[in-house]
Amino acid sequence: MDVHLTARHCKLQPEEQAAARAAALGFAKYIDGITRVDGIFDATTSKSCEYAVRVHGHVIVARNEAEGFDKAIHDAAHSVIRQIRKLKTRMSAPRHAARA
C-alpha cells in the first residue's frame with residue numbers, strides 16, 4: 001500500500017504527519033486490497049484533511065474541516081472507515097459472492 005501525503009498552503013508538523021500516516025496505514029486493518037492512500041491537507045480558509053483510498057477498483061473519498069489538523073485527520077479517518085465497512089458489506093452480498 002502506497003501512502004502519499006500532500007500539504008497545500010501549509011506545512012505539517014512532524015506529529016501531525018505521523019498521525020496522518022498512522023491513520024492511513026490503519027485502514028488496511030478493515031479491508032484487504034488497498035493499493036494507494038492519498039492524504040491532502042489544506043489550510044487556505046480552515047484546516048482540512050482529505051483522504052482518497054483506492055481499493056478493489058473503487059475510490060473512497062472523505063474530507064473534513066476543523067480548527068486543527070488533529071481533529072480533521074481523526075474525523076476524515078472515521079469517515080473513510082465507515083465507507084470501507086459499507087463497501088465491504090456490499091462486496092460480500094450474495095450478488096457479489098460469485099464474482100469474488
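Trainee: Which residue in β2 does H4 stand opposite?

Mentor: H4 stands opposite D38. Keep in mind that this is a predicted model, where local features need pLDDT of at least 70, side-chain atom pairs count only at pLDDT 80 or more, and totals for chains, interfaces and linings use all residues. Residues are numbered from 1 along each chain as its sequence is written, and side-chain values use heavy atoms, with hydrogens and water left out.

Trainee: What counts as a strand or a helix?

Mentor: Both are DSSP runs numbered from the N terminus: helices are H or I with at least four residues, strands are E with at least two.

Trainee: In which sense do β1 and β2 pair?

Mentor: Parallel, over 7 bridges, with β1 at residues 2-8 and β2 at residues 34-42. Two strands pair if DSSP finds at least two bridges between them.

Trainee: What is the strand order in the sheet?

Mentor: The order is β1-β2-β3-β4, in an open sheet of 4 strands with mixed pairing. β1 and β4 (58-66) are at the edges with a single partner strand each, so one side of each has no neighbour in the sheet.

Trainee: Which strands does α1 touch?

Mentor: α1 packs on the sheet and touches β1, β2 and β3 (47-55). Contact means heavy atoms within 4.5 Å. The direction of α1 makes about 145° with that of β1. For such angles, axes are lines fitted to C-alpha atoms, for helices over the stretch in contact, and the angles run from 0 to 180 degrees between N-to-C directions. Helix α2 (residues 69-91) also packs on the sheet, touching β2, β3 and β4, and its direction makes about 150° with that of β4.

Trainee: New topic. How many salt bridges does a search of the whole structure find?

Mentor: The search finds 5. A salt bridge here is a side-chain nitrogen of Lys or Arg within 4 Å of a carboxyl oxygen of Asp or Glu. One of them joins R54 and D38, at 2.7 Å from N to O. R54 is in strand β3 and D38 in strand β2, so the pair ties together parts 16 residues apart in sequence.

Trainee: Is D38 buried or exposed?

Mentor: D38 is buried, with a relative accessible area of 11%. Buried means under 20%, exposed over 50%, and partly exposed in between, using a 1.4 Å probe and protein chains only. R54, at 33%, is partly exposed.

Trainee: And what does D75 form a salt bridge with?

Mentor: With K71, the closest N and O atoms being 2.9 Å apart. Both residues lie in helix α2, 4 residues apart, about one turn of the helix. K71 is exposed, at 51% relative accessible area.
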